[in-house]
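Here are my notes on this one, for you to read with the viewer open.

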Amino acid sequence: AVGAEASAATTRKVPSEYPTIQAGIDAAVDGDTVLVADGTYTGLGNRDIDVTKDITIKSENGPQTTVIDVQGGPGTPPHWGFHFAHGEGGVLEGFTIRNAFAVYGGAVACQMNTVVRGNVFEDNYVTGGGGAISGNEGALIANNIFRRNRASRGGAIIFSDCSGPVRVEGNLFEENHAELFGGAIAVDNFHIFLDELKLSNNTLIKNTAGTSGGGIHSSGSWIWI
């Protein structure tokens with residue numbers, strides 16, 4: 001019984017128990033949930049967030065009422081939303097993330113086995129790839145809204161040099177832009193065959209690119225649409 005109690009998942013509440021999202025994550029262990037109350041979150045501890053555990057980070061009431069404003073942009077130091085590091089997995093759900101400014105994956109950079117669902121990504125900008133998300137193998141990106149994100153490659157999302165299954169399902173991509181290719185989605189050197197990278201039931205509206213693939217650009221990759 002003692003062992004069962006010790007291993008039980010805990011919900012850690014921000015900001016009532018922990019002052020910032022990062023503080024809640026730092027206190028969590030694998031299997032926990034960091035639950036974020038309504039509000040607009042800015043500044044240290046609420047941006048450049050490092051996730052090295054298999055945990056769920058979610059809002060109480062959805063992206064309409066829970067905003068992470070990274071407050072970045074050209075001319076400012078790089079700042080991003082979340083970095084899911086070291087292939088630990090994790091879930092991100094129910095946030096609006098805006099105004100990230102980075103080199104790769106402005107709102108979310110995920111290594112492996114990350115679930116990103118039910119979020120709104122808007123007005124994020126990166127100088128490299130993936131205005132909102134830089135993804136990797138094992139990712140599930142579902143039921144999000146991507147709006148007015150910008151990048152050199154992959155205005156909203158980029159998958160580059162991946163070697164495992166990816167699912168992009170039920171998302172809305174609207175008015176995203178890539179200076180080079182893949183206005184909404186760029187796929188580059190995805191090293192798995194057949195349907196391991198599956199794009200299904202997505203809606204793409206008014207996405208643009210400077211050279212190719214206003215909606216989707218794929219190079220050296222097998223994808224299922």
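1. Terms before anything else: two strands count as paired if DSSP finds at least two bridges between them. Strands are DSSP E runs of at least two residues and helices are H or I runs of at least four, numbered from the N terminus. With that in hand, F82 has V108 in β11 as its bridge partner.

2. Ground rules: this is a predicted model, so to speak of local features we need pLDDT of at least 70, side-chain atom pairs count only at pLDDT 80 or more, and totals for chains, interfaces and linings use all residues. Residues are numbered from 1 along each chain as its sequence is written, and side-chain values use heavy atoms, with hydrogens and water left out.

3. Overall make-up. The protein chain comes to 2 helices and 27 strands. Its C-alpha trace spans about 55 × 40 × 25 Å along the principal axes. The radius of gyration (over C-alpha atoms) is 17 Å, which agrees with the value near 17 Å for a compact globule of 225 residues; the globule rule is 2.2 Å times the number of residues to the power 0.38.

4. Contacts (heavy atoms within 4.5 Å). Take the pairs at least 6 apart in sequence: 76% of those contacts join residues at least 24 apart.

5. First sheet on my list. It is open, has 8 strands in the order β1-β2-β5-β8-β12-β16-β20-β24, and the pairing is parallel. β1 (11-14) and β24 (197-200) are the edge strands, each with a single partner, so one side of each has no neighbour in the sheet. Neighbouring strands here are turned by 10 degrees against each other on average, direction ignored; the axes are lines fitted to C-alpha atoms, with angles from 0 to 180 degrees between N-to-C directions.

6. Inside that sheet, β5 (residues 56-59) and β8 (residues 90-93) run parallel and are joined by 3 bridges, with I57 opposite L92. At the β24 end, 4 bridges join β20 (residues 166-169) to β24, and V168 stands opposite L199.

7. Which way do the side chains of β24 point? L197 and L199 go one way, K198 and S200 the other, and all are buried (under 20% relative accessible area with a 1.4 Å probe, protein chains only; exposed is over 50%, partly exposed in between). In a regular strand, side chains alternate between the two faces of the sheet. Worth a look in the viewer, given the lysine at K198.

8. The F82 pairing in point 1 belongs to the 3 bridges between β7 (residues 82-84) and β11 (residues 108-110).

9. The β18 pairings. β14 (residues 125-129) is joined to β18 (residues 150-153) by 2 bridges, running parallel, and Y125 stands opposite R150. β18 also runs parallel to β22 (residues 177-181), with 3 bridges; there A151 faces A178.

10. The core. The largest nonpolar core holds 41 residues, and I21, I57, F82 and I133 have the most contacts inside it. Such a core is a set of buried Ala, Val, Leu, Ile, Met, Phe, Trp, Tyr and Cys residues joined through side-chain atoms within 4.5 Å. Beyond its neighbours within four places in sequence, I21 touches residues including V14, I49, I57 and F82.
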